[in-house]
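This report looks at how one chain packs its side chains.

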Amino acid sequence: LNTLYLDHNNIGPEGTAEIAKVLCTNKTLHTLSINGNNIGPEGAAEIAKMLRTNKTLHTLSINGNNIGP
């Protein structure tokens, strides 16, 4: 699996935290799109933590997630 599109699935911050946890050890996923999932600032923080360790993900799309002003 190289690309995962989960746009508009109402994942929320809790679901985003679970996705981020798995992606910390990801070795194959290059593209993740989670647009319009209402991840909020909490979910965005989990994604940011994941990006510190994930060296495989090249493209991340998180538009329309009520992250900030």
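Which residues of helix 1 are buried? The buried residues of helix 1 are G12, T16, A20 and L23, where buried means under 20% relative accessible area, exposed over 50% and partly exposed in between (1.4 Å probe, protein chains only). Because these residues cover an arc of only 100° around the axis, they lie on the same side of helix 1; the arc is that of the directions from the helix axis to the C-beta atoms. Helices (H or I, at least four residues) and strands (E, at least two) are DSSP runs, numbered from the N terminus.

This is a predicted model: local features need pLDDT of at least 70, side-chain atom pairs count only at pLDDT 80 or more, and totals for chains, interfaces and linings use all residues. Residues are numbered from 1 along each chain as its sequence is written, and side-chain values use heavy atoms, without hydrogens and water.

The buried residues of helix 1 pack against strand 2 (31–33) and helix 2 (40–53), with contact meaning heavy atoms within 4.5 Å. The face turned away from this buried side carries the exposed residues E14, K21 and V22.

The structure holds two salt bridges, each a side-chain nitrogen of Lys or Arg within 4 Å of a carboxyl oxygen of Asp or Glu.

| Salt bridge | N to O distance |
|---|---|
| E18 and K21 | 3.4 Å |
| E46 and K49 | 3.1 Å |

E18 and K21 are three residues apart in helix 1, which means about one helical turn separates them. E46 and K49 are likewise three residues apart, in helix 2.
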